[in-house]
Amino acid sequence: MMCKRPQTMALGLVLLVAGTAGHAQQSTAADAQAPVAAQAESEVTLPAAPQKASLLPFYVSPTATLDFAIDAKSLSVSPEGIVRYTLVITSKAGASNISYEGIRCSSSEKKLYATGKPDGGWTPSRRDAWSPIWDVGANRQHAALVKDYFCEGKTVAGKADTIIDRIRTKKPLK
């Protein structure tokens, strides 16, 4: 038993140092985004439920097992540069998840405003925070939207009609 205690203490120290380093990294990233986060956001109006005829499919990755589409009628660009849209994710069996979201190109962040209900209504999100967009794995739909359709660097890549046309014609930015 005496032999295990120094190992446990060493492991605890490694975890403590790793946790502290991660926290320092997060603080630095949060500090860098502070001016963007402080910017006021214009009022959000939830759109009508998406209709199948207005869905625009888009490519996510070769390993994606779900189908992804944007409702063309819901896509807008706010005065402060937030691209807002309804995202429809459908499984191969036909089950769908619907969400109304926003992407802020200036900070490469996303925000969930509401989730769709079966009756066509919306359930507002309880979270009011922006979160970073990660470009990993099969579920990289937000990264695909940022890189291929919505953003050029840190700015929005055109007006809503331009973005919709880019998705409709399957002509990504890159």
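Thr86 has a relative accessibility of 0% and therefore counts as buried. Thr86 belongs to strand S3, and 8 of the 9 residues of S3 are buried, so this strand is largely enclosed by the rest of the structure. The model is a predicted one; the mean pLDDT of its chain is 81, and 77% of the residues reach 70 or more.

**Confidence**

- Over residues 1–38 the pLDDT stays under 50, and for this stretch the model has 5 contacts beyond four places in sequence.
- Where pLDDT is low, predicted coordinates should not be read in detail.

**Strand S3 and its neighbours**

- Leaving aside residues up to four places away in sequence, Thr86 touches Pro47, Pro50, Ala69, Ile70, Asp71, Ser74, Ile98, Ser99, Tyr100 and Trp122.
- S2 and S3 run antiparallel and are joined by 7 bridges.
- Within this pairing, Ser76 stands opposite Arg84 of S3.
- The hairpin of S2 and S3 has 4 residues between the strands, and Gly81 there takes a positive phi near 85°.
- S3 also pairs with S4, in the antiparallel sense and over 9 bridges.
- Leu87 stands opposite Ser99 in S4, and Thr90 has Ser96 of S4 as its bridge partner.
- Between S3 and S4 the hairpin has 5 residues, with Gly94 at a positive phi near 105°.

**Strands S4 and S5**

- S4 and S5 are paired in the antiparallel sense over 6 bridges.
- The bridge partner of Arg104 in S5 is Glu109.
- These two strands form a hairpin with 4 residues between them, and Ser108 in the turn has a positive phi of about 50°.

**Nonpolar cores**

- The largest nonpolar core has 25 residues, of which Phe58, Leu75, Tyr85 and Phe150 touch the most other members.
- At least two residues of this core come from each of strand S1 (55–58), strand S2 (67–77), strand S3 (82–90), H2 and helix H3 (160–168).
- H2 gives the most to this core, with 6 residues.
- A second, separate core has 6 residues, among them Ile82, Tyr100, Tyr113 and Trp130.
- Beyond residues up to four places away in sequence, Tyr85 touches Ile70, Ser74, Leu75, Ser99, Tyr100, Glu101, Gly102, Ile103, His142, Leu145 and Phe150.

**Helix H2**

- The buried residues of H2 are Gln141, His142, Ala143, Ala144, Leu145, Val146, Asp148, Tyr149 and Phe150.

**Aromatic pairs**

- A search of the whole structure finds 5 aromatic pairs.
- In the pair of Phe58 and Phe68, the ring centres are 6.1 Å apart and the planes lie at 45°, so the pair is tilted.
- This pair links distant parts of the chain, with Phe58 in strand S1 and Phe68 in strand S2, 10 residues apart.
- Phe58 counts as buried because its relative accessibility is 7%, and Phe68 counts as buried at 4%.
- Phe58 and Phe68 form one aromatic cluster together with Tyr149.

**Disulfide**

- The structure holds 1 disulfide, which joins Cys105 to Cys151 with an S to S distance of 1.9 Å.
- The pair links distant parts of the chain, 46 residues apart: Cys105 lies in the loop between strand S4 (96–104) and strand S5 (109–116), and Cys151 lies in strand S8 (residues 151–152).
- The torsion about the S-S bond of Cys105 and Cys151 is about -75°, so the disulfide is left-handed.
- Cys105 has 2% relative accessibility and counts as buried; Cys151 is buried too, with a relative accessible area of 3%.

Methods
Residues numbered from 1 in each chain as written. Predicted model: local features only at pLDDT ≥ 70, side-chain atom pairs only at ≥ 80, totals over all residues. Heavy atoms only, no water. Buried < 20%, exposed > 50% of the residue type's maximum accessible area, 1.4 Å probe, protein only. Disulfide = S-S within 2.5 Å. Core = buried A, V, L, I, M, F, W, Y, C linked by side-chain atoms within 4.5 Å. Contact = heavy atoms within 4.5 Å. pLDDT = per-residue confidence, 0-100. Pairing = 2+ DSSP bridges. Phe/Tyr/Trp six-rings, centres within 6.5 Å; stacked < 30°, edge-to-face > 60°.
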